[in-house]
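Please walk me through this structure. I am new to it and would like the overall picture before the details.

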Amino acid sequence: VQLQASGGGLVQPGGSLRLSCALSGSVSSIVAVAWHRQAPGKQRELVASIGESGSIHYSESVKSRFTISRDNAKNTVDLQMNSLKPEDTAVYYCSAVVRFTLQPTPHVYWGPGTQVTVSS
């Protein structure tokens with residue numbers, strides 16, 4: 001199982017970016033996919049997550065600005081980021097909790113991250 005994040009870049013304050021996380025590999029189910037971020041000198045934090053049933057969670061700092069969505073047919077999860085602020089600057093990572101056939105314990109995988117820089 002591999003995760004690949006894309007869509008990062010440099011954007012001015014108030015601008016938008018769309019990140020995409022693509023999962024490849026054979027799994028029996030994807031329990032949840034989440035986006036996290038880590039700014040220099042800070043701990044990694046959960047930004048948004050979407051569960052198998054469609055349940056969604058956002059951190060307070062991005063609520064109403066970011067939207068997470070899932071395409072089950074393509075095994076992708078996107079993060080639409082609007083009204084970006086300099087404090088959104090970080091490396092963004094996607095993670096996935098998946099299950100394999102005949103294995104009751106779920107597994108967690110992480111992608112390599114993509115840089116998002118918000119600056120004028």
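The paragraphs below go from the whole chain to single residues.

This is a predicted model. The protein chain holds eleven strands and zero helices. Read from the N terminus, the order of elements is β-β-β-β-β-β-β-β-β-β-β. The radius of gyration is 14 Å, close to the 14 Å that the globule rule gives for 120 residues, so the chain is as compact as a globular protein of that length. Along the principal axes, the C-alpha trace spans about 50 × 25 × 25 Å.

Next comes the packing. Of the 120 residues, 39% count as buried. Take the contacts in the chain with a separation of 6 or more: residues 24 or more positions apart account for 54% of them. The surface comes next. The protein chain exposes about 6,400 Å². Carbon and sulfur atoms supply 50% of that area. As for charge, there are 10 positive and 7 negative side chains. The centres of these two sets lie 1 Å apart.

Now to single residues. Start with Val77, which sits in strand β8, residues 76-81. Is Val77 buried or exposed? Its relative accessible area is 3%. Buried means under 20%, so Val77 counts as buried. Who are the neighbours? Leaving aside residues up to four places away in sequence, Val77 touches Leu19, Ser20, Cys21, Val33, Trp35, Ile50, Ile68, Ser69 and Arg70.

Move on to His36 in strand β4, which covers residues 29-38. His36 is buried too, with a relative accessible area of 12%. Its side chain makes a polar contact of 2.9 Å with the side chain of Ser95.

Arg65 belongs to a loop, the one between β6 (56-58) and β7 (66-71). Where does the side chain of Arg65 reach at 2.9 Å? It reaches the backbone oxygen of Ser83. A polar atom of the Arg65 side chain also lies 2.8 Å from the backbone oxygen of Ser61. Arg65 is buried, at a relative accessible area of 10%. Not counting residues up to four places away in sequence, Arg65 touches Gln80, Met81, Asn82, Ser83, Leu84, Lys85 and Asp88.

Most residues other than glycine have a negative phi. Asn75 is not a glycine, yet its phi is positive, at about 55 degrees. Asn75 is found in the loop between β7 and β8. With 27% relative accessibility, Asn75 counts as partly exposed.

Leu102 is the second case. Its phi is positive at about 70 degrees, although Leu102 is not a glycine. Which loop holds Leu102? It lies between β9 (90-100) and β10 (103-110). Is Leu102 buried or exposed? Its relative accessibility is 84%. Exposed means over 50%, so Leu102 counts as exposed.

To recap, Val77 is buried in strand β8. His36 is buried in strand β4. Arg65 is buried in a loop. Asn75 is partly exposed, and Leu102 is exposed.

Terms used. Residues are numbered from 1 along each chain as its sequence is written. This is a predicted model: local features need pLDDT of at least 70, side-chain atom pairs count only at pLDDT 80 or more; totals for chains, interfaces and linings use all residues. Side-chain values use heavy atoms; hydrogens and water are left out. Helices (H or I, at least four residues) and strands (E, at least two) are DSSP runs, numbered from the N terminus. The radius of gyration is taken over C-alpha atoms; the globule rule is 2.2 Å times the number of residues to the power 0.38. Buried means under 20% relative accessible area, exposed over 50%, partly exposed in between (1.4 Å probe, protein chains only). Contact means heavy atoms within 4.5 Å. Accessible areas come from the Shrake-Rupley method with a 1.4 Å probe; for residues, only the protein chains shown count as cover. Lys and Arg count as positive and Asp and Glu as negative; His and the chain ends are not counted. The place of a charge is taken as NZ of Lys, CZ of Arg, CG of Asp or CD of Glu. A polar contact is a pair of N or O atoms within 3.5 Å; within protein, one must be able to donate a hydrogen and the other to accept it, and residues adjacent in sequence count only if both atoms are side-chain atoms.
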